[in-house]
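Please read the points below alongside the sequence and the coordinates.

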Amino acid sequence: MASHSVDDILAQLEKGAFTHGWGAVAAFSRERLNAMLAQQFTAAFSAATFLPPLSGEMPLDEDGHITLRFDNLIFGAPRLSFESSTFSTNRATFTIPLIGGDVTRIRRSPLLPDRLLATARITEGMDYVLQMEVKLRETGSSVEDAGHISISPFNEPRDPRCNLMTPGFAQTRIGQFLLEHLLDLPLQRSTYTLGLLNAGTHGPLSPTDFTVLTYAAPGAERTGAANHGDGAVLIFMKLKGWDNHEVQLPSDEASFPYLIPDDVRDGRPLYSAAILITHRLSHFVDDTQLAALSSSLLPRGYAFVEGENARHTPYDVVAFGNLDTTDELVTIEPLVISLRDGASQQFTARDGSGAVVQAAGWSSESIEKPLASGSISAGGLYRTVDEPIMGSNVLPTVVTAHYIKDGQQRQTSALVMARFESLNVSPLACTTYPGAEEPIELAASSVSGGTLRWRLLAPALGTLTDLGNGHAVYQQPADMEEELLVQRIEVLDESTNEAVEAVVVLYKKAGLALDPPWTGALTGRGQHEFQVPQSTLDDLVRQHRSSIDQDAFTWRLHGDGEISAVEGRAVYTPPATLSRQPVAVVECELAIAGMTLVGFSVIELTTRLREHPTWKSVHDFRLEPMQGTQAFANGMQQIPVRVTIETAPVNIDGVSYFIPISLVEEATLRLVDLGSKHDVPYVDSDAEGIEHDTGLVWATSDVRNRFRPYASATLTPTPGRRGNEEATRRKELFIHLANPVTPEFFARFTDKDDRIWDSLGISENDTISVQGMAVPTPVLEDYTFEYTRVWNGEGDIVEDDAFSYMLESVDFWRLSYRRMGVAIGFSSLKIEGNTSTLQYESELLDETFASFTGFAFVPIVHGGNRPTEPAGLSFDPYLTGLFNSVAHAPPDGNFWQQPPSPGELLVSNHRAADLPYWYDGMSQGDALRNYRSILDRPVRYVLRDEDGNRHSLQIGYADTSIPGSRNQLILVRTQKT
């Protein structure tokens, strides 16, 4: 593997510019991005936006004779790898682990008896995955001038494959089936955010546009390499200070160095991220501007942290560092864990610095079986259910910490995989024949995480190869004497001395059908009857013209339990307790016409003792407005709606159980248009509402955005009928309207058996009617734009003249808005083009009197998130560049103890007496120094007020022909909103 240390990378960068015309390039490594994906994966469980388990069947061959059945297949945290990534694409390998559920392979043929081919109980650690190539998705948002980088199975998937089986064609078929399941889900349930490029800082290193590539680390494409799959996501950015239009992308690895060094300390990598900035902006690169750039690259809770002495300027500026969490991000430790039934685990909430966050409370809930959620103490000590649950080998349970931050109630989640066996092996049982070319791949996982050892038990036919890490391969013997033989394979956990056995049924001509061909049995409970189907016996009698009596049957049992023969049938009694042999095989020999026919049936033994009650019917299903039923038809303002679902009690043996719908079922909840019966779409997962030109008339979201509800929405939902809280589930949805329409919606969800439940006719308030209000058109008189003198320079104010005799001053012009006399703040700001404007007193070469602007903005935000407040005024990078070129001190960003108020745009006007004159002919052809072509223009601001309505405004100076034009700023509305 080629080295790519700091020194190696700097040696490459010394050769010249590598930004290819872009302002900056950021690189983030696989390890930290995957940690981010894992956190988003667990957070989705508390938000009911997780990937639901899959149950269903698929054909494995063209004729449909071989079927693969999934029962409760559970998807794990996705991860990225880059072994196939090149500069010609922005694709990456997207891998979703399979961490729970049962998988059964069955052969059903009209010419042969039905047969179990293999059965497996999937758990995490077995390395079964769904894998595909996807593109990284780039989207933009007009709300906050932001760009989003996300990854999802929806992003042009290619070559889906799943390694549940060995043959390549089967892996492709299974992969396509699982992918189709994911593609049937709403987009937000399988989309993960990798980057958030926010141009709201408006500094010289603030992004204006971007594109994304992926890049494999040197040597990472080689299978077996120590760094196989390593790589980075590269973000090529245009910046405010260098918004060059003549950009290119690297054509191959030789034209761009791998930016993340492989230096280590104490065996750990020192770096996981890097930022490369064009040498043309090197004069802007300081701690403040680099921090502003890095804060614009990542989702909330993450930041680029520059390493110690890790900034260099070989030609372009490069800073090495790490993608780290901030105090904003609270996670639970451990994040994902497997526990045996009846086991305990202490959970702790920590912020990004590792400090303990005191939780106000803890809760736990099984995503599928609400009555099997275990228990958790006020201090975060969790205990799983005490006994196995019928129909489950893994029980996913969400553990949630509830805490207060910035005065708001928040929560964060972890995932517990409750397992009812300490040690699992896959396949648990399979059937094959001697001489088969395709070997059997085995996988095992243990709750303890101990070393696993494999052993071939007597009669030890065939060969077993231990591959390490819980994997082995069994090769069938070339031949055998017996017609049927049961070969057991043991896997032992050396740390606990626990073992479990897998069963391989080897047969030559096992053409005799048994009914049932396979079954499950509970230890210590019931009896099971096996027999040759009467239709099979009748066919044999006709074919061989021979009768069959009871003595013709010979029954044998391979494994635990007891078997007895009764009138040509076999009765099987399971063992009282489960040993390390969870599979038994019933064998039948039938003698007829001098021949012996052999058949068998496979029995899977479990100790899942407790049957889990489930709800049967819905008692109450209603929709209630939380704050009125109106919203401005701007696509952003939300109408909050509370959906309540209460199930009817279930009576079992005289005991009433109150069981709410599960989290899996809640996650299917959606609104439906009453007129068309079409589901209301969700807003894009990266957006706060319906963006311009999407064509959507209405949409829904399950997240409150920054904008407040309609101003007259003072309705408090009526208590309504109070049912049984144990059987009740509530969820808040938010309706967005982009046109002034009056639709009516009802609610719908799908239960575990794929039955659809509608709110219609079940209760009062079974629909909700909403109204889109016309978006108001403000007039100039609705705005207040007035100044306050915050600093006086040389000179005196004479006869109330604040300008003529004042050589220097700073005025703060504050923009506010009132609609019908009511003050309304601004919640978002986008600046189109330059962020400062400049005007000299005259266009004489010896002129030094000039005025210029800066700005600051603090949004007013509803819904719980606290906005980031600026440390000072911001200025256009072309303005600061002009100051540098004329050897003038940089503009003063001081607030003079008068910062902007939330919801207010502050535009500063600075009058200077000593700013040397500049005209663009002085640039000597350097486009970066054509300052006046940029700064002579007024500044165009696009704001959204706290109701989500857009305001497009222009602020600048009057024409220079007007005396004193540089003393005051003029506000102009630029278009209808």
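Strands are DSSP runs of E with at least two residues, helices are runs of H or I with at least four, and both are numbered from the N terminus. Two strands count as paired if DSSP finds at least two bridges between them.

Residues are numbered from 1 along each chain as its sequence is written. The model is a prediction, in which local features need pLDDT of at least 70, side-chain atom pairs count only at pLDDT 80 or more, and totals for chains, interfaces and linings use all residues; side-chain values use heavy atoms, with hydrogens and water left out.

**Partners of β27**
- Strand β26 (residues 394–405) runs antiparallel to β27 and is joined to it by 12 bridges; Tyr 403 stands opposite Arg 410 in β27.
- β26 and β27 form a hairpin with 2 residues between them, and Asp 406 in the turn has a positive phi of about 55°.
- Strand β20 (residues 336–340) pairs with β27 in the parallel sense over 5 bridges, and Ser 338 stands opposite Met 417 in β27.

**An open sheet of 3 strands**
- The order is β21-β25-β24, and the pairing is antiparallel.
- β21 (344–346) and β24 (375–376) are the edge strands, each pairing on one side only.
- β24 is joined to β25 (residues 381–383) by 2 bridges; the bridge partner of Ser 375 in β25 is Arg 383.

- A pocket is an open set of points on a 1 Å grid over the protein atoms alone, with protein on both sides within 12 Å along at least five of seven lines; lining residues have an atom within 4 Å of a point.

**Cavities**
- A cavity is a set of grid points where a 1.4 Å probe fits but cannot get out; there are 5 cavities of 30 Å³ or more.
- The largest cavity holds about 40 Å³ of space, and its lining includes Gln 188, Arg 189, Asp 702 and Lys 731.

How values were computed
Grid points are joined across faces, edges and corners, and a volume is the space filled by probe spheres set on the points.
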